[in-house]
Amino acid sequence: MKTQTYIHITALFLCMIMLTACSDLLSKATPTSVPIEQEDFTPIVSVTGKVLPAKWSNLSMSAEGVVAEISVDEGQKVSSEQLLVRLEGKEKHQAAIAQANHELTSAQKNLDDLTINLILDRQQALLDIAQGYEAMRSADRQLYYFTVPSNQRDLDMFSAVDKMQANLNSARKAWDPYKYIEEFLPARNRFDLKKKLDDTEGDFRTAMLRINYAADAGMAQAKLDRAREDYEKLQKGPDPDKVKLAEARLQNARAALAAAEMAIKDLELRAPFSGEISRLNVREHEWVSPGQTVIILSDPASLQVETTDLGEIDVARVKVGNPVKLTFDALPDLTIKGEVIRIAPKNTETSGVNYTVVIKLSELNPVLRWGMTAFADIEVGD
């Protein structure tokens, strides 16, 4: 019994040793896993671009002519409205302006006189009315006190003139043969013919006088009526037709002056904005034409970068506001931050399908120049 008990204890001890050994082997064979730290990664689109001013212009003259004066040099800073180039011919246009000013003054005076003289015109119209009444009174008096001969009373004044003219012609015809030859006609008969001629001449003058008096009365009445009409019109103000003509003349004078002033302005080229003369393409005494670029003006304070090779796949990932890191081929030690401010809605007309993206610089370095090559790393996010 003791021997068996010993064997059992020994076997149990050996089993415990074996279990402990196996446990050590298992702990060594399965090491504990350690988490791996991952680095942050930001997707980048790398493109090439050019440094360009946001504000620049090709300047040309509005008129053709010979260059008389150039007031600037390349690289010079200029302010808005500063004179850059002037053509010959200033004196001729100054004379045209003086003439246009004279005509404008004259036209304005003509219009003003219509109002200033209105009172005088009214007084003249009243005077014409008074004179018209006096003429009417005189003509009526003459006609009233005119005595119509008995041989004309049953005739109107025109019939009387016709009849008296016929009587006169008949008396002349009877008298003419004996006008200078007395011996062929007895004195008594000759006297009767001459008296009849004188009487018919008197009757004719009387008939004509009747018409003249009537005409005087009619003329006086017509003048009186016109004077009254003129006065009524003047009561309403100056003659509208004269005012219209005067205003048209004044408008034409103003237009002529504006054209003359514009012509002299066209001889000058002035800066449309403050900036820098990037290029000067003209010399004094040269002939220039409208539309010909004589100066390139830019604003160096508005430099930005425009991409040149951003493809259609990458542009789909770019958004306005994306941050950008910029480096420059000519300035390897310079790095500038930027931001996407505009994406072209249409591809550029070049080989391949490329889109222009405009990048605003966070700072403006004085060593940057228009046309420098730039490299842009655009952070496009996930």
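F146 and Y213 are both buried. They form one of two aromatic pairs in this structure, which is a predicted model. The ring centres of F146 and Y213 lie 5.8 Å apart and the ring planes stand at 85 degrees; planes over 60 degrees apart count as edge-to-face, so this pair is edge-to-face. The pair links distant parts of the chain, since F146 sits in the loop between α3 and α4 while Y213 belongs to helix α5 (residues 187-235), 67 residues away.

**The chain as a whole**

The chain has 382 residues, of which 29% are buried. Its secondary structure consists of seven helices and 16 strands. Of the contacts between residues at least 6 apart in sequence, 78% join residues at least 24 apart. The accessible surface is about 25900 Å², and carbon and sulfur atoms account for 54% of that surface.

**Helix α2 and its neighbours**

Helix α2 covers residues 90-116. It contains 27 residues and spans 38 Å from its first C-alpha to its last, close to the 39 Å expected at 1.5 Å a residue. The buried residues of α2 are H93, I97, A100, L104, A107, L111 and L114. What do the buried residues of α2 pack against? Their partners are α3 (118-144) and α6 (240-265).

Leaving aside residues up to four places away in sequence, A107 touches R249, L250 and A253. Between A107 and N252 there are 9.1 Å in space, C-alpha to C-alpha, although the two are 145 residues apart in sequence.

**The loop between α3 and α4**

Q152 lies in the loop between α3 and α4 (157-175), and F146 of the aromatic pair is in that loop too. Is Q152 buried or exposed? Its relative accessible area is 0%, so Q152 is buried. Beyond residues up to four places away in sequence, Q152 touches A160, M164, D203, T206, A207 and R210.

Strands of a sheet pair through backbone hydrogen bonds, either parallel or antiparallel. In this chain, six strands form a closed barrel in the order β1-β10-β15-β13-β12-β16, with antiparallel pairing. From one strand to the next, the twist averages 40 degrees.

| Strand | Paired strand | Bridges |
|---|---|---|
| β1 (residues 44-53) | β10 (residues 303-307) | five bridges |

L52 has Q304 in β10 as its bridge partner. K77 has E276 in β7 as its bridge partner. I277 stands opposite L297 in β9.

Definitions and conventions:
Residues numbered from 1 in each chain as written. Predicted model: local features only at pLDDT ≥ 70, side-chain atom pairs only at ≥ 80, totals over all residues. Heavy atoms only, no water. Helix = DSSP H or I, 4+ residues; strand = E, 2+ residues; numbered from the N terminus. Contact = heavy atoms within 4.5 Å. Buried < 20%, exposed > 50% of the residue type's maximum accessible area, 1.4 Å probe, protein only. Areas by Shrake-Rupley, 256 points an atom, 1.4 Å probe, with all protein chains shown as cover. Expected span 1.5 Å × (residues − 1). Pairing = 2+ DSSP bridges. Phe/Tyr/Trp six-rings, centres within 6.5 Å; stacked < 30°, edge-to-face > 60°. Axes fitted to C-alpha atoms, helices over the stretch in contact; angles between N-to-C directions.
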